Amino acid sequence: MASTPDHKLIIYQLLPRLFGNTNTNNKFYGSIEENGCGKFNDITCTALKAIKDMGFTHIWYTGVIEHATMTDHTAYGIKRDDPDVVKGRAGSPYAIKDFYDVAPDLAVSIPDRMAEFEALIARTHQQGMKVLIDLVPNHVARTYASDVKPDGVRDIGEDDDVTKAFSPTNDLYYIPGQRFTVPQGYDPGGPEFVDPLKDGQFDEYPAKGTGDDVFTPSPSVNNWFETVKLNYGVDFNGGYHCHFDPVPPLWNKILHILSYWADKGVEGFRCDMVEYVPTEFWAWLIPQMKERYPGIIFIGEAYRTGEYRNYLFHGQFDYLYDKVGLYDALKRLIRDEHGASTWQINAVWNHDSQGIDERMLRFLENHDEQRIASPYFAGDAWLAIPAMIVTATLNTGPVMIYFGQEVGEPAAGAQGFSGDDGRTSIFDYCPVPEHQKWLNDGQCDGGRLSEDQQQLRSFYRTLLNVTTKHEAITHGSFYELMMANEREWGFDDKLYLYLRYTDQQRLLIAVNFSRHERNFNIRIPADLLQQWGLNGAIELTDLLTGKLISTADINGGVAAVLPASGGLILQF
């Protein structure tokens with residue numbers, strides 16, 4: 001079983017390309033010169049202090065590794081990428097071009113790009129936070145070729161026998177005798193983008209298997225056509241046939257790549273689409289990394305609930321995404337969808353993640369999901385307050401915030417390849433307007449935020465600091481109070497009540513997903529009160545507001561007023 005940290009991880013996810021960008025031009029399909037691009041150097045000590053002050057323990061720097069882009073860096077000895085196999089002017093951070101390099105877009109001085117990233121790692125450590133980056137293990141860009149790999153390293157695909165569709169010693173999959181065809185209807189960079197390489201052609205012979213397990217020379221525009229699938233020893237022809245002995249060459253190449261980044265001070269990896277990679281590989285890789293780098297963590301992006309235990313206990317991941325579970329349940333409640341009920345929260349920890357709840361990474365936003373404040377989600381960031389309280393305090397596992405979430409960024413409008421869908425683009429050069437108001441030209445003081453946004457950010461700061469500084473949440477036990485109170489005031493499927501506690505601390509957490517205020521009396525089971533030695537008059541403090549609630553007799557319950565779309569964290 002993978003070892004987990006003895007504290008609660010509070011993770012801040014940010015894309016350096018977007019985080020420090022102060023350009024407000026926002027031209028549709030704009031270039032890096034037109035729309036700007038954040039740099040490693042924009043994530044200053046001032047910015048990091050502000051992030052640390054919010055309560056964060058880790059920063060996930062997303063999109064750091066060099067990926068395919070339409071921007072021309074040939075002046076610095078970097079080979080051009082064909083725009084016909086790049087999504088967006090900036091390119092997808094998940095179409096890796098060189099596992100041993102960082103994106104040149106993110107450097108002020110492109111020749112010094114690695115030194116600038118290493119300096120960012122050092123600044124992050126100086127502020128008492130740890131660094132996470134992406135591992136994209138399933139696929140690479142069609143133009144993948146490392147030009148800075150260490151001496152003696154064999155490149156991915158360099159030794160492949162391209163006459164074979166599959167070989168356990170190949171790093172990639174091939175369609176022998178057939179040439180790759182760019183998907184029909186794809187207009188790279190938009191109609192205004194003019195480039196000699198934009199001709200609807202890409203020279204790839206033989207064609208390679210595509211990243212989303214599509215083994216055809218002509219993937220569609222809806223496939224991950226800009227990527228090629230990596231081969232971990234699985235032959236998909238006629239089924240799923242594994243060839244893991246001897247260990248395929250790719251396994252050792254990925255181990256070397258991760259060691260390369262860990263040697264630079266990276267303390268963890270968010271692993272993309274782990275279910276597309278055989279569990280046997282993770283079971284081989286992760287223990288070796290943990291032996292070499294004690295304390296390093298692995299977070300898996302996973303969606304098949306039936307496979308969670310396989311990836312945690314066999315694959316040795318520390319944590320997995322809880323998207324198909326708590327996120328989906330909370331989103332329905334935030335949106336006040338028909339049939340949404342707080343009993344669905346119970347179903348998550350009592351079924352899908354039973355026994356592994358503390359190893360689920362909880363969030364309400366990330367780069368793949370819609371912004372809460374967008375009309376595609378809730379249209380109002382404040383409607384997520386009860387869900388955020390649950391996300392942060394339900395268990396001891398990690399909680400993650402996506403930059404801009406704390407100021408109600410709505411991701412309004414289309415940026416280019418990314419349409420108007422409520423998501424902040426990871427493909428385009430674009431601003432993040434509400435986040436820019438907090439950034440305030442690098443002062444990172446929220447100087448241009450509205451009063452409402454300042455209050456929202458203050459809520460997040462208070463909640464996250466409560467979360468990280470109270471032992472009842474970081475490593476306490478959980479007791480669900482819904483059943484105990486249903487007998488008292490009937491079932492209300494918009495309320496959720498629970499206790500988090502240790503021998504030294506007790507917290508009563510109550511949230512209201514209703515758009516209306518709720519007044520009710522919260523009963524705590526008599527056996528718990530007896531166990532804790534509580535009787536008579538009790539005074540409780542709401543850790544979110546500092547307000548006091550007094551009760552004449554704790555055995556009679558706690559009279560509480562829950563605001564609409566709000567919540568309380570009451571300390572005994």
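Exposed means over 50% relative accessible area, buried means under 20%, and partly exposed lies in between (1.4 Å probe, protein chains only). This is a predicted model, in which local features need pLDDT of at least 70, side-chain atom pairs count only at pLDDT 80 or more, and totals for chains, interfaces and linings use all residues. Residues are numbered from 1 along each chain as its sequence is written, and side-chain values use heavy atoms, with hydrogens and water left out.

**View 1. Lys27 and Glu192 form a salt bridge.**
A salt bridge is a side-chain nitrogen of Lys or Arg within 4 Å of a carboxyl oxygen of Asp or Glu. The structure holds 33 of them. In this one, the closest N and O atoms of Lys27 and Glu192 are 3.5 Å apart. Lys27 sits in the loop between helix H1 (16-19) and helix H2 (32-35), and Glu192 in the loop between strand S7 (174-175) and strand S8 (207-208), so the pair ties together parts that are 165 residues apart in sequence. Helices (H or I, at least four residues) and strands (E, at least two) are DSSP runs, numbered from the N terminus. Lys27 counts as partly exposed, at 30% relative accessibility. Glu192 counts as exposed, at 64%.

**View 2. Asp272 and Arg270 meet in a salt bridge.**
The N to O distance is 2.9 Å. Are Asp272 and Arg270 buried or exposed? Both are buried. They also belong to a network of salt bridges that links Asp134, Arg270, Asp272, Glu301 and Asp368.

**View 3. Helix H5 packs on helix H6.**
H5 spans residues 249-262 and H6 residues 279-292. Their axes lie 11 Å apart, at an angle of about 30°. Axes are lines fitted to C-alpha atoms, for helices over the stretch in contact, and angles run from 0 to 180 degrees between N-to-C directions. The crossing of H5 past H6 is right-handed; in such a crossing the near helix is turned clockwise from the far one by less than a right angle. H5 brings Trp251, Asn252, Ile254, Leu255, Leu258, Ser259 and Ala262 to the contact. H6 brings Glu280, Phe281, Trp284, Leu285, Gln288, Met289 and Arg292. Contact means heavy atoms within 4.5 Å. Of the residues in the contact of H5 with H6, 9 are nonpolar, 3 polar and 2 charged. Here Ala, Val, Leu, Ile, Met, Phe, Trp, Tyr, Cys and Pro count as nonpolar, Asp, Glu, Lys and Arg as charged, and the others, Gly among them, as polar.

**View 4. Helix H5 is mostly covered.**
How many of the 14 residues of H5 are buried? The count is 11. Among them are Leu250, Lys253, Ile257, Tyr260 and Trp261. From its first C-alpha to its last, H5 reaches 20 Å, close to the 20 Å expected at 1.5 Å a residue. That expected span is 1.5 Å times one less than the number of residues. Pro246 is in the loop between strand S11 (241-242) and H5. A cis peptide bond joins Pro246 to Asp245, with omega about 5°.

Gly295 is exposed, with a relative accessible area of 59%. Gly295 and Phe244 are 51 residues apart in sequence. In space, their C-alpha atoms are 27 Å apart.

**View 5. Helix H8 (residues 323-334) is largely enclosed by the rest of the structure.**
Of its 12 residues, 10 are buried. They include Gly325, Leu326, Tyr327, Leu330 and Ile334. What do the buried residues of H8 pack against? Their partners are strand S14 (319-321), helix H9 (343-352), strand S15 (360-363) and helix H10 (385-393). Lys323 is buried, with a relative accessible area of 17%. Lys323 forms a salt bridge with Asp328, the closest N and O atoms being 3.0 Å apart. Asp328 is also among the buried residues of H8.

**View 6. Asp336 has a positive phi although it is not a glycine.**
Its phi is about 55°. Asp336 follows H8 and lies in the loop between H8 and H9. Asp336 counts as partly exposed, at 39% relative accessibility.

**View 7. Cys444 is another residue other than glycine with a positive phi.**
The value is near 55°. Cys444 lies in the loop between helix H11 (433-439) and helix H12 (451-469). Cys444 is buried, with a relative accessible area of 8%.

**View 8. A cis peptide bond joins Tyr205 and Pro206.**
Omega is about -5°. Where is Pro206? Pro206 is in the loop between S7 and S8.
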